[in-house]
Amino acid sequence: LPLNQIRAQLEDLVRDRHLISLKVGDRLLYLPNGSLRRLKGMIIDEVKGFHQQNPYRLGMGEDELGNRVRAHSEIFRRALKELLGSGELFLHQGQKLGRPSHHIPFSPRDERLREEIEGVFLKGGFSPPSLKELKGEDARRLMRILQEIGVLISAGNSLLFHKKWVERAEELLREFVGEKGEISLREFKELLGTSRRYALSLLTYFDNQGITRRVGEVRRLR
């Protein structure tokens with residue numbers, strides 16, 4: 001068939017929803033609509049299986065999920081976009097794909113221990129407790145869950161901060177740099193009223209998050 005006839009027939013099939021077209025660079029990919037539906041079903045099945053095997057995690061990363069279903073990258077992203085748009089998948093913390101119906105199971109005892117641990121980190125402020133202070137397997141398990149759901153944030157060097165204090169540190173940092181243009185480790189330490197170790201861990205965390213960048217001995221906002 002002449003190329004113009006092929007193009008016209010492809011456009012008709014896309015219009016009638018028999019085919020789906022995807023633009024990849026300067027090319028168009030075509031696939032049967034049913035193939036996309038099957039891929040979306042495979043993705044949902046993989047996420048459901050992940051939840052069954054990992055009840056204390058919110059979801060899985062996009063790369064891990066893509067490796068499991070082994071689809072063309074552009075088609076995979078199209079399926080994800082549609083699943084997120086329809087609410088069949090939810091993106092937790094901008095990186096973990098899970099089912100919106102999945103909730104981490106907390107027993108009454110877990111809830112009490114969760115409140116205790118969260119209270120300790122809230123009280124600690126910019127000088128959080130050492131992980132050695134929180135003994136017991138249950139406490140360590142609950143801390144891992146609190147990290148998973150974003151209540152506790154790892155700033156490296158085995159240091160965890162409550163998200164409230166990380167957000168407050170960022171506010172103070174932005175205010176200071178907004179006025180002065182930059183901030184040193186000493187100034188940040190004094191601003192938070194904490195030790196050099198904790199201040200450095202938070203600054204490094206903000207560097208890694210793309211909030212600040214190190215220029216010599218100071219930090220500036222990106």
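This is a predicted model: local features need pLDDT of at least 70, side-chain atom pairs count only at pLDDT 80 or more; totals for chains, interfaces and linings use all residues.
**View 1. Glu 116 on helix α5.** Glu 116 lies in helix α5, which runs over residues 108-124. Its relative accessibility is 53%, and because the cut-off for an exposed residue is over 50%, Glu 116 counts as exposed. Lys 164 is 48 residues away from Glu 116 in sequence, while the C-alpha atoms of the two residues are 16 Å apart in space.

**View 2. The buried face of helix α5.** The buried residues of α5 are Asp 110, Leu 113, Ile 117 and Phe 121. Seen down the axis of the helix, the buried residues of α5 fall within an arc of 70°, so they line one face. Among the elements that cover these buried residues are helix α6 (137-148), strands β5 (152-154) and β6 (160-162), and helix α7 (163-180).

**View 3. The length and end of helix α5.** With 17 residues at 1.5 Å a residue, α5 should span 24 Å, and the 25 Å between its end C-alpha atoms agrees with this. The helix is followed by Gly 125, which has a positive phi, near 60°.

**View 4. The crossing of helices α2 and α3.** The axes of α2 (residues 33-53) and α3 (residues 62-69) come within 10 Å and cross at roughly 120°, and the two helices are therefore oblique to each other. Their crossing is right-handed. Leu 39, Met 42, Ile 43, Glu 46, Val 47 and Phe 50 of α2 meet Glu 64, Leu 65, Arg 68 and Val 69 of α3.

Technical notes
Residues are numbered from 1 along each chain as its sequence is written. Side-chain values use heavy atoms; hydrogens and water are left out. Helices (H or I, at least four residues) and strands (E, at least two) are DSSP runs, numbered from the N terminus. Buried means under 20% relative accessible area, exposed over 50%, partly exposed in between (1.4 Å probe, protein chains only). The expected span of a helix is 1.5 Å times one less than its number of residues. The arc is that of the directions from the helix axis to the C-beta atoms. Contact means heavy atoms within 4.5 Å. Axes are lines fitted to C-alpha atoms, for helices over the stretch in contact, and angles run from 0 to 180 degrees between N-to-C directions. Angles under 35 degrees count as roughly parallel, over 145 as roughly antiparallel, 65 to 115 as roughly perpendicular and the rest as oblique. A crossing is left-handed if the near helix is turned anticlockwise from the far one by less than a right angle, and right-handed if clockwise.
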